[in-house]
Structure formats: C-alpha cells, structure tokens
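This briefing is meant for a reader who is meeting the structure for the first time. Please look over the sequence and the model shown here, and then follow the topics below.

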Amino acid sequence: MTQRLVIIGNGMVGLRFLENLLEAAPNLYEITVIGAEPRAAYNRVLLSPFLAGEIAADDVAMKPTSWYAENKVDLRLGQRAKTLDAKSKSITLDSGDTLSFDICVLATGSKPIRLPIPGADQLKGVHTFRDFDDVTTFRSVAQPGRPAVVIGGGLLGIETAYGLARAGVEVHLVHLMDRLMERQLDAKGGAILKSALEERGIEVHLEAATEVILDDGQGSVSGVRLRDGKEIPGDIVVMAVGVQANTDLAKDASLNVGRGIKVSDNLETSAPGVYALGECAEHLGVCYGLVEPGYDQALVLAHHLADQPTLYAGNVLSTNLKVSGVPVFSAGDFSGDGTHSVITQDEAHKSYRRLFVKDNNLVGVVLVGDTADALWYRDLIAERTDISPFKDALAFGPAFANAA
C-alpha cells in the first residue's frame, strides 16, 4: 500500500529531498508538498544578484509548478501548516484543510533575526532580506542615489549590501565586530574583503553598534544612530544579522527542540515518523544554516525513506562568497588553538591564503581572491588526510602537492 508523505516546506533543501526521493523510490509514496510562499521553490542564494539586476526572475526559479504535477506531487502553495499532531499523524493548514500522513518531513527553514533596536518595530522602512518578495520591496523603496543602511557584516549582510549597491543605492554597511565575517575570516582576510567592498562603493563601518533607528518625523526611518553618537542617513534600514531555525510548528507539536529541531543520524525527530532537515534541523548540537549541509541531509533522508539505509555524519562548515569578482572561501577551524599557520599573499592580485595545520592535518583554511583549490582543501579537512608527505607544498595547491 502506498504511504502518504507530507513535506512541510518548499525551499531549496525541501526540493532537493523531493528530487532525491523521486529518483530513489519514484512510486513508494503519495506525496504532498506544502509551501508557505505563493511560488514554487527558488534559489535563495541568487537573490542578491537578482536584486543587483545581474540575473532575471526566471534565473532564480528552480522548478516550474508543472514539474510537480508531472511527478504526481500535490503542491500546495501559499499555505502554511498551522498545527502538527505527531500522535494522530495529521496536519491542519491555515486554509482549514486537514492532511493525514504516514511520514512527515519538516523543511521549514529559518527566519531572519530582527534586533530589538528602538524604532525597529515602530517605523516604516525597516526590513529584513530573506525571500523573493523582499527583492520586490527593496526595488520599490530603495531609490538609486539615495542612502540605505545594512546592519550586519556577515555573509547575509554583505550579500544584501552588494545587491543594493549594484542597484545604484548608496550603501552603508554597519557591523558590530572589528572585521567582516569574523566567524569565517581572520583579520587579514576580513581587511581584504572590506577593501573590495569599499572599491565597489559600499561604506563599511566596523565596531559600530546601532543604538537607535531614527525617525524622520513622519513615522519612517531617516537613518541610524550609533552608540558613539555618529548618525548615518538611510531611507531604508535592512537588518541582515543572521537567521534562526524556524521551529514554531515543531515546538507546538511538543517535538524535542533546542536551537533547532533535534534529529538523529537518520534525521528523525523525537516523534516516530516525523523527520527534519535543512536550516530548521539541529544535528549533534549544530544548526548549519547553510545550503550544502542541507543537501547532504536531503540525500541521506531520501535514501533512508527509500529503504536504502544510510546515516548523516555531519559536515565541515564552509562558506563561499563572491563579491563582484572577489571570491572568498573558508572552512574548518581557524581559531588558532594549537595550530600553526602557513600564509601566502599576492598583493598585486589581492590574493591571500592562510592554512591552519595541526598534527599533520589541515584543520582550517581561509582563501581570498583565489579559491580555485577550495574544494581540495575542504576535502583534506573533512577526510583528516595526513598531509605530511606534501606538507611543504600544501600552500600551492593539489598540482604541487601531488608532485611532492
């Protein structure tokens, strides 16, 4: 008898899981997909270049709605799962419809963090940047030549700032820490990235704590005031300080939730038959918040539900960013504890490479400007490869290492 499977969430990871499952077991389940947004899955990673005008809306889309129908998938867009009852195995939608299931997969993703800054919830013009509709909003309110303030110098903030700047907006990027992407870059790498952004017209303010969002006197934002008293003008303010796992539905269903929905090595939650993956999931205390680990989880879960058992062992954290021709990559641990560094730098080409080595293993890497060897380094970290045979050639990439 065909089992009923409901996927709650139609984002990138939810779609990848669906694709993997259809390939592994095309006729095993009767599948329903619930998507809160009014459009089918699209590539969130491309929202920044879409905002910048570098690509079109069709380039962001991943699958047309016709694809779901062709694969006999019941796609319900613009609907939210209101309640999940893990015991009776039923889901109630905000439309009032009730769905029963044998297997439920939670791919509810994450939601943007809004800082509790005075003015943030009262004034018009304060936004986050998370979905397709945000691009539409920015295009209507962010005017070329007019100022905008982006709060947050992590990956999300930089992509937001870049997209706005490419659209002709005068962008101020405000960051609390002493360097950009402090979780992914060392001081030198952060400085090179800052210089690259400034060359592209983005004014970067480091060690800058936003104290209040300013009122223009008519209920809209006019900028921000920093803790040191400095005021920065802005017709809009975008909070891009990160995301948090969307666990509301799981909490209401009394699933085991920490920072995310806690899952086992086969991605099952504390409720039998209910699974979670992607940004909403927490595995061994880690919420990855990145696409690649979500894709790995999607493959594991698809195989598990297709009776091809496999387990998820976690991922080496890595980050890829490309700011108008300036690529940045980091992976692993670069805290420096018990490690020694191998550094190469080419000032002329603005290329910087720092490798963190411990006990004949590569444990971390930071690359700025030239990331051609990024995946090789990541694999060395993930596989804990003994680098002693080519240790002296490690900084020059696989071609030199293989010749060593």
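**Briefing on the predicted model**

Gly-152 is placed in the loop between strand S10 (147-151) and helix H6 (155-166), where helices (H or I, at least four residues) and strands (E, at least two) are DSSP runs numbered from the N terminus. The model is a predicted one, in which local features need pLDDT of at least 70 and side-chain atom pairs count only at pLDDT 80 or more, while totals for chains, interfaces and linings use all residues. Residues are numbered from 1 along each chain as its sequence is written, and side-chain values use heavy atoms, with hydrogens and water left out.

**Surroundings of Gly-152**

- Gly-152 is buried, with a relative accessible area of 5%; buried means under 20% relative accessible area, exposed over 50% and partly exposed in between, with a 1.4 Å probe and protein chains only.
- Leaving aside residues up to four places away in sequence, Gly-152 touches Gly-157, Ile-158, Leu-173, Val-174, His-175, Ala-240 and Val-241, where contact means heavy atoms within 4.5 Å.
- Gly-152 and Leu-206 are 54 residues apart along the chain, and their C-alpha atoms are separated by 9.8 Å.

**Aromatic rings and charges**

- Seven aromatic pairs are found in a search of the whole structure; rings of Phe, Tyr and Trp (its six-membered ring) pair if their centres lie within 6.5 Å, and planes under 30 degrees apart count as stacked, over 60 as edge-to-face and the rest as tilted.
- The ring centres of Tyr-42 and Phe-132 are 5.7 Å apart and the planes stand at 70°, so this pair is edge-to-face.
- Because Tyr-42 lies in the loop between strand S2 (29-35) and helix H2 (47-51), and Phe-132 in helix H5 (residues 132-141), the pair ties together parts that are 90 residues apart in sequence.
- Tyr-42 is buried at a relative accessible area of 6%, and Phe-132 is buried at 12%.
- Ring pairs link Tyr-42, Phe-50 and Phe-132 into a cluster, and the charged end of Arg-139 sits over the ring of Phe-50, 4.5 Å from its centre.
- A charge is said to sit over a ring if NZ of Lys or CZ of Arg is within 6 Å of the ring centre and within 35 degrees of the ring normal; the charged end of Arg-16 sits in this way over the ring of Tyr-295, 3.7 Å from its centre.

- Strand S1 (residues 3-8) pairs with S7 in the parallel sense over four bridges, two strands being paired if DSSP finds at least two bridges between them.
- Leu-5 has Ile-103 as its bridge partner in S7.
- S7 is also joined by three bridges to strand S19 (residues 274-276), and these two run parallel, with Cys-104 opposite Val-274 in S19.

**Nonpolar cores**

- The largest nonpolar core has 55 residues, of which Phe-17, Ile-31, Leu-84, Ile-91, Leu-106, Leu-255 and Leu-305 touch the most other members; such a core is a set of buried Ala, Val, Leu, Ile, Met, Phe, Trp, Tyr and Cys residues joined through side-chain atoms within 4.5 Å.
- Helix H1 (residues 12-24) gives the most to this core, with seven residues.
- A second, separate core of 38 residues includes Leu-51, Ala-165, Val-169 and Met-181.
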